[in-house]
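Keep the model open as you read.

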Amino acid sequence: MRGALIYAPGDIRFEPLDDPRILNPTDAVIRTAVTCVCGSDLWPYRGVEPTEEPHPMGHEYVGFVEEVGSEVTSVRPGQFVIGSFATSDNTCANCRNGFQSNCLHREFMSTCQADHVRIPNAQGTLVATDGIPGEELWPSLLAVSDVMGTGWWAAEAAEVKRGSTAVVVGDGAVGLCAVIAAREMGAERIIAMSRHESRQRLAREFGATDIVAERGEEGVERIKELTGGIGADSVLECVGTGEAMRQALRSTRPGGNVGFVGVPHDVAVDGQELFFSHVGLRGGPAPVRRYLPDLIGLVQSGRIDPGKVFDLTLPLDEVAEGYRAMDERRAIKALLKP
């Protein structure tokens with residue numbers, strides 16, 4: 001098979017790799033239908049996370065089951081499946097409590113920008129669709145495997161409620177999907193923080209009622225102006241930088257909640273400030289597996305269309321251009337077709 005490897009910052013190559021095979025009885029091997037580049041992939045691409053040696057990339061996937069291990073009975077060869085970036089047995093105590101992304105047997109996927117992928121913990125990780133969905137649905141089903149599920153977790157962690165005001169910090173694919181989630185959870189007012197016109201348009205299409213272009217303390221002040229001087233009920237932090245976290249915490253009203261799902265880089269929370277703010281804080285890797293059945297249903301019914309975050313489609317062997325386009329903000333999210 002062939003897949004993407006990162007050699008160094010800015011150096012993505014598409015090369016022949018060993019074919020994936022069943023290593024454990026709980027594994028499956030799938031043939032990729034579509035995959036993509038994630039905003040979190042840009043951390044090593046930009047050198048923020050070190051690359052010690054060449055290694056495969058990618059953690060978002062949908063595809064067709066080709067082979068299953070002897071203990072996998074939940075899916076069978078030929079089925080179209082969606083999984084999570086964090087694999088799970090879906091039976092341990094953490095899974096039963098709804099936090100499959102903290103499964104006691106969790107493995108993080110990291111080989112999915114390839115034409116075939118081995119899926120550990122396939123029995124609990126993969127969800128099959130009823131029949132083979134039309135190709136027009138593949139981008140949205142792919143979004144469900146990470147960015148839509150992560151946006152949903154941001155809204156849930158921030159306790160978005162019907163009639164509430166929600167702020168979304170970040171206008172990447174996760175932030176835009178968080179707008180969808182806030183709308184579906186009944187937020188009356190959804191304020192998207194974005195400086196980019198194309199992303200602002202998509203945020204409004206997804207349900208944003210207001211746009212705030214200011215950042216930092218200016219952004220906080222603008223949120224306060226829009227919320228009667230106290231801040232929002234729920235703030236969804238979808239970036240992962242220190243500035244984004246500060247902006248999120250300070251944009252939340254006393255008694256409100258921040259859901260943070262951006263992978264943290266140089267993020268430090270001031271304990272004194274948090275203590276006196278009366279702001280709740282919850283986040284972490286999204287328990288996507290918990291949401292998969294419902295989100296797949298929302299996509300297949302046509303109620304949500306998160307696949308619109310893919311504004312660039314490339315052949316899989318042009319994956320390096322997908323990274324460049326996202327790094328240069330010429331694309332929100334690059335879809336890759338084997």
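Strand E10 (residues 189–193) and strand E11 pair in the parallel sense over 3 bridges. Two strands pair if DSSP finds at least two bridges between them. Helices (H or I, at least four residues) and strands (E, at least two) are DSSP runs, numbered from the N terminus. Within this pair, Ile 191 has Asp 210 of E11 as its bridge partner.

This is a predicted model: local features need pLDDT of at least 70, side-chain atom pairs count only at pLDDT 80 or more, and totals for chains, interfaces and linings use all residues. Residues are numbered from 1 along each chain as its sequence is written, and side-chain values use heavy atoms, with hydrogens and water left out.

Now widen the view. E10 and E11 belong to an open sheet of 6 strands, in the order E11-E10-E9-E12-E13-E14, with parallel pairing. Strand E11 (210–212) and strand E14 (280–283) each have a single partner strand, so they stand at the edges and one side of each lacks a neighbour in the sheet. From one strand to the next, the twist averages 20°. Helix H5 (residues 147–157) packs on this sheet. H5 touches strand E12 (232–237), strand E13 (252–260) and E14, where contact means heavy atoms within 4.5 Å. The direction of H5 makes about 155° with that of E13. Axes are lines fitted to C-alpha atoms, for helices over the stretch in contact, and angles run from 0 to 180 degrees between N-to-C directions.

Next come two helices. Helix H6 (residues 173–184) and helix H7 (residues 197–206) pack at an angle of about 20°, their axes 8 Å apart. That angle makes H6 roughly parallel to H7 (angles under 35 degrees count as roughly parallel, over 145 as roughly antiparallel, 65 to 115 as roughly perpendicular and the rest as oblique). H6 contributes Leu 176, Val 179, Ile 180 and Arg 183 to the contact. H7 contributes Arg 199, Leu 202, Ala 203, Glu 205 and Phe 206.

Another pairing sits earlier in the numbering. Strands E3 (residues 28–36) and E5 (residues 61–68) run antiparallel, joined by 7 bridges. Val 29 has Glu 67 in E5 as its bridge partner. E5 also runs antiparallel to strand E6 (residues 80–82), with 3 bridges. There, Val 62 stands opposite Ile 82 in E6.
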